[in-house]
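Please brief me on the ligand site, the metal site and the confidence of the model below.

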Amino acid sequence: MRITDAQVVVTSPGRNFVTLKVTTDEGLTGLGDATLNGRELAVASYLSDHVAPLLAGLDPHRIEDTWQYLYRGAYWRRGPVTMAAVAAVDVALWDIKAQAAGLPLYQLLGGACRDRIATYGHANGRDIPELLDSVRARLAEGYPAVRVQTGVPGLRAVYGVHTTDGEGVAVAHQRARPLVEDWDTEAYLRHLPAVFEAVRAEFGPGLPLLHDAHHRLTPVQAARLGKDLEPYRPFWLEDCTPAENQEALRLVRRHTTTPLAVGEVFNTVHDYRGLVTEQLIDYARSAVTHFGGVTPLRKLFDFAAQYQVKAAIHGPEDISPVGMAAALHLDLAVHNFGIQEYSGHTPLTHEVFPHAYTFSDGHLHPGETPGLGVRLDEELAAAHPYEPAYLPVNRLQDGTLHDW
Ligand code: GCO
Ligand code: MG
């Protein structure tokens, strides 16, 4: 079998997604997700200008070799644009291989290690009562675990809360320029334990509760937060410090037994090396889409397993159903599975990407369709073309730019 063509499709059924479609001379086509939120066209160009011309004529079965060819062969390694592009090729080739074998992808990864995939959903509220309502809504949808994010008194906007333009329209992801949010770390640190206290008082000790600090704290602030949350037994504290500095987590770890999760902005195993071998984290949260594909993420999870670090694949709405399906096949097949983030997609997105995976009773399953089990409705995709959109930025109250 030979690759005959590779096309990039950028579509915006509510938000932008970048999809690679690889075609073979035997009529099989494979899909890969290359969505990099807010920088989509850079990856689309990387793929169509620099990668697609190299793929024609290659044997799609040679996944590892093609991965090395694109990673080592570019000379310029790592980085989110490169690794999202490499990921799309890797996933599309796994899709083709599994279709050729007539098996769902998870079977080629060693087969199922569990019957279904436990998820966590997002509960957001401008204040505590609104957050409690949101938790109730997630529980009614069946989610077995919930991430809790809430507004901080005195701040206009807080990460995790839908921001509106005053007329009730969500604008955070649909602006020609980034929305500017505001932030005050001390106010946040004072408020969050009360949020956990209220959620525990309402829902009891058994509900797994997660929280995302979104890279906003210094190591000593993160250590204090970890300690302050200990009485409420969080499932994890996510991205407590900016992700580039692995050493920061050493200080955090020394002071708290609150479990730590990182990785959504990591691209390779090298970002994790010290964190895993020193056992500074409990969950590795990279997405298939931003980590170079199924091939390297599987290697990371097998490495992490030796240190009892668990897999918790990043699954926000900016991972397309193609990237989500790839995550689910891996989730089913790795032994050290922790939890899967799942916020779902708009109904239109589900139509653009018809898929075999299912969500019921708070659990996902990739389905039994050969390959990834996702297709692309190209006509519908074309009817919803790219729209410029950025993630928000964050400023302190004196105007200093802060991590978002
Ligand atoms: C999460 C995330 C996301 C990111 C988003 C950026 O834990 O799901 O932090 O919501 O902000 O993926 O594009
Ligand atoms: Mg996060």
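The notes below cover conventions and confidence, then the two ligands.

This is a predicted model, in which local features need pLDDT of at least 70, side-chain atom pairs count only at pLDDT 80 or more, and totals for chains, interfaces and linings use all residues. Residues are numbered from 1 along each chain as its sequence is written, chains are lettered from A and ligands numbered from 1 in the order in which they are written, and side-chain values use heavy atoms, with hydrogens and water left out.

**Confidence**
- Mean pLDDT (the predictor's confidence in each residue, from 0 to 100) is 95 for the protein, and 96% of its residues reach 70 or more.
- Residues 164–172 stay under 50 in pLDDT, and the model has 14 contacts (heavy atoms within 4.5 Å) for them beyond four places in sequence.

**Ligand 1**
- Ligand 1 is surrounded by 14 residues (a heavy atom within 4 Å), with Asn-37, Glu-238, Glu-264, Asp-318 and Glu-341 the closest.
- Oxygen atoms of ligand 1 lie 2.8 Å from a polar side-chain atom of Glu-264, 2.9 Å from a side-chain N or O atom of His-214 and 3.4 Å from one of Arg-147.
- The protein buries 90% of the 340 Å² that ligand 1 exposes when taken alone (Shrake-Rupley method, 1.4 Å probe).

**Magnesium ion (ligand 2)**
- Asp-212 (OD), Glu-238 (OE) and Glu-264 (OE) are the protein donors, 1.9 to 2.2 Å from the magnesium ion; donors are N, O and S atoms within 2.8 Å of the metal (3.2 Å for Na, K and Ca), and water is not among the atoms, so sites may look incomplete.
- Along the chain, these donors follow the spacing D-x25-E-x25-E.

Methods
Polar contact = N/O pair within 3.5 Å; in protein donor to acceptor, adjacent residues only side chain to side chain.
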